[in-house]
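Have the viewer open as you read.

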Amino acid sequence: MTHPQAQVFHRGVAAPLLRPNIDTDAIIPSREISRVSKKGLGESMFAGWRYLSTRVSTQGREPDPNFILNREAYQGTSILLAGDNFGCGSSREHAVWALKDFGIRAILAPSFGGIFFNNCALNGILAIELEEAEIQRLADWVQVDPRANLLQIDLAAQQILWREGEKTGFAIEPARRSLLLEGLDSIAATLRQEDAIAAFEAADRQRRPWVWM
Amino acid sequence: MPATLLEKLWSLHEIADLGDRDCLIHIDRIFLHERTGSIALRSLEQEGRRVRAPHRVFCTMDHIVDTRPGRGDISLAPHGREFIEATRQSARRAGIHLFDIDDPRQGISHVVAAENGIVLPGMSAVCPDSHTCTLGALGALAWGIGSTEAEHALATSCLRASRPRAMRVNFIGETAPGVTAKDMILHLIASFGSRAGRGYAVEFAGPAVSALSMDGRFTLCNMAVEMGAFTGMIAPDERTIAYVRNTALAPRGPLAERAEFHWRQLHSDTGAEFDLELEIDCARIAPAVTWGTNPEQMANIGGKVPSPDAFEDPQKSLAASQALDYMGLKPGTPLDSIRIDAAFLGSCTNNRISDLRAAANYLRNRKIAPWVQALCVPGSGAVKREAEAEGLHEIFRNAGFEWREAGCSLCFHAGGESFGGKRVISSTNRNFQGRQGPGARTHLASPLTVAASACRGYISAAEAS
Ligand code: SF4
């Protein structure tokens, strides 16, 4: 079913990964980070769970058939339904870059690691906090037929549209929402405040001269 | 109006209120390291942007640099050398301070930022590393960020940040002998959970916190992020000021007097209101060790591995059973009957001079169990030199520990050296699956517990041996 009138942020296959405390080491093990670059990390996403061996070879790696994203029904997953405290641990932004490169556009979880949460919005991934029971309801429905039971996320209306027109609302801070909708260049936006920054610095130089080296 | 320490620190740096709790915050110091700093600097270059205040930006090699004696640019981590060289080149081009591998100031970023006086009380400081909160022990506003935010801070000397809520944790009463800062923080995380701090800046207070050495305070604040907090902080007192005076970059002369006067105002006023206050009774804290794969999964060493059924919350129960599975432990097993394969004394949590002294004091005239592989990795070159001047390295070596160069080393697995498949007693801050190598089973504990466990070959509190 579709909701044609909605302003869609994303519509796609959602995969439940409901264990709590999935940390950034699990999202991308540090050993996988082999380039001084943000690109091409999708291969490494969940590498510890996705592949049968930890060895990285040029022949590619044998997928673990038990891992949910390797199953036929979940090919093309672009939304994760996650457990509590998703993205806790190391601040490595590679976790977000890996998810993005793999094609993840949105993550729904009861709560997120703080730095990870910020990193998501800065890279165009929508992280939504939802009650655990709500996520379970979505997961139960999606699991029946993952490639037919797609989730549709309307960011402007702050709603997830699913089964037969059913809607689940979510909250998001306006600044984060506009960052995702408009893809603002926040460095440029801050640089436009150069006068305020310079004035602050001049005053602080008087107030705390020892800070200014 | 009485103000909290957080309010004072925040308002010192707030340039503009962007609405909805978001603020434009001035950043006094930026620290980078070769793992994430290289990417931030390179991506800034690619966008044709400049570092706005390079003289207030510092960078060190800590994460993937080799820690074996005689090290150079070759790192055991795959492509490690590429990261090291890229960092060196970008740092030079950007004109920031670099503490390169052979620099006497090299070490773990959070250790060297404090011991060199780069971060001082009242400053705002960020680093693309989650344990930047360590520096809150100085009474600074310091927090970990991602690389994209680091680019923003480098280009603008500012960050857009959401104002955290204020939490105070009061440690009341006194701790028993043998209880360390590590046991205090593990106890706190276990009591309230690894998400209790989400959205908060957590101020640690109370007589037991005042009684801690600066090194102990760094340990406490280091793990604030393991309870999910935005950061941790401790109001500066005379001990803080004495510590800071000894650092290379501390203000001198009349400027020092002015600065110290200012620092003494940086505390929560009587009657200041917090969004949340928690209390910990220090009498209940004992030497602690984690049994699971999250820092909150901890018990006192005298206790047993819990049963997943003991947790009312179904999520916690599930997490416990998955953790026990990974850790290869059965409910009801006495913790001090768990045999270990390795002992790791290191990391930004616990490898400053006091940590080394505590461990060495125990190890004097003792030997580690023959089946244990043990490593001591000082937090910085300065810590290493101080330890060597006191002869601690001989104690570690005689006991059977390897004595390393400064760096993060096996605190985490970057693809090179690994505790893969081993059971490790570790003075670090994260016991996540695979953190110290594929299949590595990490038990977090204090340096004293690491030393005692290494000697007996089983998890042990110091007095039990
Ligand atoms: S010592 Fe460990 S926790 Fe600390 S900065 Fe290094 S890798 Fe991170």
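**Sheet, cores and cysteines**

Start in chain B, where 5 strands make an open sheet with parallel pairing, in the order 5-4-3-6-7. Keep in mind that this is a predicted model. At the edges sit strand 5 (97–99) and strand 7 (141–144) of chain B, each pairing on one side only. On average, neighbouring strands in this sheet are turned by 20 degrees against each other, direction ignored.

Strand 7 of chain B runs parallel to strand 6 (residues 124–127) of chain B, and 4 bridges join the two. In one of the pairings, V126(B) has W143(B) of strand 7 as its bridge partner.

W143(B) turns up again in the packing: in the largest nonpolar core, which has 100 residues, it is among those that touch the most other members, along with L138(B), L154(B), V169(B), F171(B), F204(B) and L220(B). Helix 6 (residues 181–192) of chain B gives this core its largest share, 6 residues. Apart from this core lies another, of 91 residues, including A15(A), V36(A), M327(B) and A360(B).

Back to L154(B): leaving out residues up to four places away in sequence, its contacts include I30(B), L32(B), L44(B), R50(B) and V57(B).

What about disulfides? For C23(B), the nearest cysteine sulfur is that of C158(B), 12 Å away. C23(B) counts as buried because its relative accessibility is 2%. C376(B) is in no disulfide either, with the nearest cysteine sulfur, that of C455(B), 13 Å away. C376(B) is buried too, at a relative accessible area of 0%.

Key. Residues are numbered from 1 along each chain as its sequence is written. Chains are lettered from A and ligands numbered from 1 in the order in which they are written. This is a predicted model: local features need pLDDT of at least 70, side-chain atom pairs count only at pLDDT 80 or more; totals for chains, interfaces and linings use all residues. Side-chain values use heavy atoms; hydrogens and water are left out. A nonpolar core is a set of buried Ala, Val, Leu, Ile, Met, Phe, Trp, Tyr and Cys residues joined through side-chain atoms within 4.5 Å. Buried means under 20% relative accessible area, exposed over 50%, partly exposed in between (1.4 Å probe, protein chains only). Contact means heavy atoms within 4.5 Å. Two strands pair if DSSP finds at least two bridges between them. Axes are lines fitted to C-alpha atoms, for helices over the stretch in contact, and angles run from 0 to 180 degrees between N-to-C directions. A disulfide is a pair of cysteine sulfur atoms within 2.5 Å.
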